[in-house]
Amino acid sequence: MDIEQRMNLIMRNTEELVTADELRELLSKEQPLTAYIGFEPSGLVHLGWAPITSKIRDLAEAGFTVTVYWADWHAYINDKLGGDIDNIRICARYMQDCFEALGVPGDKVRYAYASELLDGIGYWERVIKIAKATSLSRVKRAMTIMGRSEDEAEVDSSKMFYPILQAADIFCLGVDIAYAGMDQRKAHMLARDAAEKLGWKKPIALHTPLIPGLKGGDRMNPEASKMSKSDPDSSLNIHDDADAVRRKLGKAFCPPERASESENPVLMLCKYVIMPRTGILEVERPEKFGGNVSFTSYEDVALSYFDGKLHPADLKKGVAEGMIKALEPMHKFFAERPENLNAVKEVLKGLGKL
């Protein structure tokens, strides 16, 4: 695979790359290639993860070893799972199962815990240097990466550490690419700015889109309307059965306007889940409405939909059936290996969240 082929692989279904020139230069070198993505272990996994796991596979195919970083202490700061570090680590083990179920290649991925880095004095030296190179106002603006507002730092000052810790993770791991959804962009830009000021290796930043919740997205504030486990009726859980998938998608926001494409969760599920995983969208409909039709590219789905040839109700039904098929391997995985799923469900029941 040549450099341009690898560039195209890394760039597909990507919203932002900072910068393409830096990535091209990196790929021209004869050296091991590394990337990372961090996760707060915080509950059951939804299909907002799908673009992320697909991009991890792309990075692996392009020659990168990817670190999946379980941000256990970050989740503790962010009050996840009752602020109990043991609960958080139980969830991390379950989430590692989810990565395997979602098809992430085990030989190209390494898993690490934040607590492994935080034990070293070198980590905290970097934290202090990053903090010295970063204004307080910038740190507060970056707090949206954890789903928090600037004002919440006034209640719990530990949250002010969060963006700086995330930047320190990148430098201590020494990765070439910091990857995440667009909601983590501010942390990556903070890290790049600190690297310039401190003379450290500057990470390339790679971001994929956020799948909107089933109630619809907001192009002006995609972070606030992304698919989230905090609203079960607005998210598709990877453990949802066929009836739940059909019910949720039947009520999903699905406007016909082209301008709303990125706000349309049904189209985005087709683009980022069904097409990458099954390669086909099949829509069953009566002959009087055009009969059954199948699509092998997302572009054809969108064109047919926005031209008025595919009704929103038919699109929702087709995507529901496509999602059911895409979820089958995950359901099979957890039927055979339920231990960590059962453990995290017990945690969630104890917290009144299940």
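Two strands count as paired here when DSSP finds at least two bridges between them. With that settled, here are the close-ups, all drawn from a predicted model.

**View 1. Strands β2 and β3 side by side.** Strand β2 takes in residues 33-39 and strand β3 residues 64-70, and the two pair in the parallel sense over seven bridges. To get your bearings along the pair, find Tyr36, which stands opposite Thr67 in β3. How much of β2 is buried? Five of its seven residues are, so β2 is largely enclosed by the rest of the structure.

**View 2. Met189, looking out from α10.** Met189 belongs to helix α10. Is Met189 buried or exposed? With a relative accessible area of 15%, it falls under the 20% cut-off, so it counts as buried. Skipping residues up to four places away in sequence, Met189 touches Val18, Arg138, Ala205 and His207. Val18 is 171 residues away along the chain, yet the C-alpha atoms of Met189 and Val18 are separated by 9.0 Å.

**View 3. Ser115 and its contacts.** This residue is part of helix α6 (residues 114-118). Its relative accessibility is 15%, so Ser115 counts as buried. Once neighbours within four places in sequence are set aside, Ser115 is in contact with Asp72, Trp73 and Arg89.

**View 4. One side of helix α11.** Within α11 (residues 242-250), the buried residues are Ala244, Val245, Lys248 and Leu249. Why do they end up on the same side of α11? Because they cover an arc of only 120 degrees around the axis. The buried residues of α11 pack against α12 (265-278) and α14. At the N-terminal end, Asp241 caps α11, with a side-chain oxygen 3.3 Å from the backbone nitrogen of Asp243.

**View 5. Inside the largest nonpolar core.** This core holds 84 residues, and Phe64, Leu249 and Leu269 touch the most other members. Helix α14 (residues 312-336) gives the most to the core, with ten residues. Apart from this core lies another, of 30 residues, with Val127, Ala167, Ile170 and Val175 among them.

**View 6. A closer look at Leu269.** Which residues does Leu269 contact, leaving aside its neighbours within four places in sequence? They are Leu47, Ile211, Leu214, Met227, Leu236, Leu249, Ile274, Val319 and Met323. One of them, Leu249, is also among the buried residues of α11.

Methods:
Residues numbered from 1 in each chain as written. Predicted model: local features only at pLDDT ≥ 70, side-chain atom pairs only at ≥ 80, totals over all residues. Heavy atoms only, no water. Core = buried A, V, L, I, M, F, W, Y, C linked by side-chain atoms within 4.5 Å. Buried < 20%, exposed > 50% of the residue type's maximum accessible area, 1.4 Å probe, protein only. Helix = DSSP H or I, 4+ residues; strand = E, 2+ residues; numbered from the N terminus. Contact = heavy atoms within 4.5 Å. Arc of directions from axis to C-beta. Polar contact = N/O pair within 3.5 Å; in protein donor to acceptor, adjacent residues only side chain to side chain.
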